[in-house]
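Okay, folks, let me put this one up on the screen.

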Amino acid sequence: MHPLPRSLDPLPDESLPGYLLRLSFRLGMTPGELGRTIGLVSASGTYLPRRLIVDFPGLSINEFTRATRLSRDEARLLTLSTWRRNYPPIQRWLPPLHGHAPQIDKWILGGLDRYCSQCLAGDESPIQREYGGPWKKEWNLGIVFACPQHECFLGLYCPQGGRPPDYDRAPRLIPFDGFRGLHPTACRYPLPATARKLRRPPCGAQLDQAPVPVLRPPHRLLALQQHLLSFLKTQDDAHEVRKYFSDLHLLAALITISWPNSQRRVDLAFASAIDIEVNARKALGVRAHDTPPVDPIACGVILDAAHSLLQIDSLDDVLAEFFDSTFTGTPARAGWAQIFTKYEKSCSERLRAAAAPLIRTYPPSPGWTAPHPTGYRAENIPAHLEPDWYARHFQKIDGPTDHKILRRIAAIQLVQWATQASTSEAARYLGIDAEKALYAEDNIHIWLKSTREVQDFKTALNGLAAELSSRADGLIDYQYRREALRNWALDLSTWQELTSRLESPQGKQPVIDDRKRQDASVFIWVHVTRGEHLFAPRLIEVEQRVGIQQDWARRRNTTWFQLTRPDPIRHYADLRKILSDYARRLAADIEAGTIPTRAN
């Protein structure tokens, strides 16, 4: 790797994407070209990956520093890794065990969505007059909603209309990194398109000239923002700081999930911002509340309310009040219980002691005591188990003829161990029909009582639980995937684009209709969520007339067999490959934060 002909010194608090924007503009390159030149994009990669916001992977920091003539310390300061000691979401992105995938935490934001226009305008130095001020790395954290220096809320997107499109956003470090000539402070998102798949160039409006938001944060919120930033950067007891941030995220989720019953805990002058945020989530089918609000104003108000709750001595009474007013039944409590399990080990003892009695109210399944405290969380369990999990732990068990039943009860039991939920609650959480779940449990218990393989099954289940617990930081959030695809199906234009890649066989042509589009949607859903195809959403089918629905239901298993058999005919083999590739891309987009939209 040779040094670049010219480089730049990083600006104070600058993020890596901001630095790359300035440097590529100076060199007359696109950010993507610069990334490939300095070793930040792999040979097979097509864009700068979002994970670079957190740290440099492998040896890429060596290539980066040689090319830019920066020191390793200067390079590291461009990433969030310098704050990993204090902020748990960064630690989850940077698991300590080599070879494990990072656990993408939604409290780390992607793209260039939040900004302070006055910071981007820069100071009076020649370099900032030419290339603008810094895109600050703190703006990529869900706990940062305001600029204390300029006493304003952060801007969101572009005032002239640039917005992240559905099809191309979260996996990238820099939106539209293939466009040349855009100023580092220009909006890189396109204006809204009239068709979902219609690509448009970036908006290009200068964000450093965007008007300062009229609504200014009160002193209370500015003080909170200063407090959060100071905790982020403090050298004091990191263990206590991590507890504080975990408590804050947990209570922010409690306020969001219980809205509007939690209204009295927030500044009512800003309650409308939370209304808009909650309604937007409902409209998109988003029920994952362990994420920061998109709007910086709503984010600040919710974090302020969560911080205020932490100042109350009697946290037991506060949580009991929330549960009495909002979580009036076991199903409602289960939603927050799943979030609690994520933070239970990292939150404060005070919050853990207050919350545990309220959520540990489910009757455990008789005779299935957890072998040890679980390190995994309920959202890490797919409804049909990962195929390699099943192969390693259960394949050799000589149990029920229908192994679907065994897989169901294993998944349900793993969720129960993580949450203490009842069988029906755990089944509903996984998206499994409760009656079939209870039938599965009855069958398994009969089998276990009547055969000598009972110990083999328990050993296999304990072994899988231990494996998952040992690598909990690298596990997938399947619940998030299930929620993302709850209202999804292949839209017609995508289906036509995918099937256009199929070769036309000689003789009779295969049928490419809405029924097959529905079955293809199920196939993709199974691959992304690792769920059971019997319980997949069938949004295309339910829109048909009753007679058509019945006809499709009769032919459902035939298509599924053709798509999954070991030796499919050529048409289904080619279709399976195309759908599998699409499913992998869709899973990557969901992991990076994109919620797919449903189109007809």
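So, cavities: on a 1 Å grid over the protein atoms alone, a cavity is a set of points where a 1.4 Å probe fits but cannot get out, and lining residues have an atom within 4 Å of a point. Points are joined across faces, edges and corners, and the volume is the space filled by probe spheres set on them.

Bear in mind that this is a predicted model: local features need pLDDT of at least 70, side-chain atom pairs count only at pLDDT 80 or more, and totals for chains, interfaces and linings use all residues. Numbering runs from 1 along each chain as its sequence is written, and side-chain values use heavy atoms, with hydrogens and water left out.

How many cavities of 30 Å³ or more are there? The count is 5. The largest holds about 70 Å³, and its lining includes Trp-135, Trp-139, Asp-113 and Arg-114. By class, that lining has 4 nonpolar, 4 polar and 3 charged residues, with Gly counted as polar, Trp and Leu as nonpolar, and Asp, Lys and Arg as charged.

Next, H12, residues 315–325; helices here are DSSP runs of H or I, at least four residues, numbered from the N terminus. Leu-315, Val-318, Leu-319, Phe-322 and Phe-323 are its buried residues, buried being under 20% relative accessible area, exposed over 50%, and partly exposed in between, with a 1.4 Å probe and protein chains only. Those buried residues fall within an arc of 130 degrees seen down the H12 axis, so they line one face of the helix; the arc uses directions from the helix axis to the C-beta atoms. Asp-317 and Asp-324 are exposed on the other side.

Last one: Gly-463 sits in H19, residues 454–470. Gly-463 counts as partly exposed because its relative accessibility is 25%.

Technical notes. Helices (H or I, at least four residues) and strands (E, at least two) are DSSP runs, numbered from the N terminus. On a 1 Å grid over the protein atoms alone, a cavity is a set of points where a 1.4 Å probe fits but cannot get out, and a pocket is an open set with protein on both sides within 12 Å along at least five of seven lines; lining residues have an atom within 4 Å of a point.
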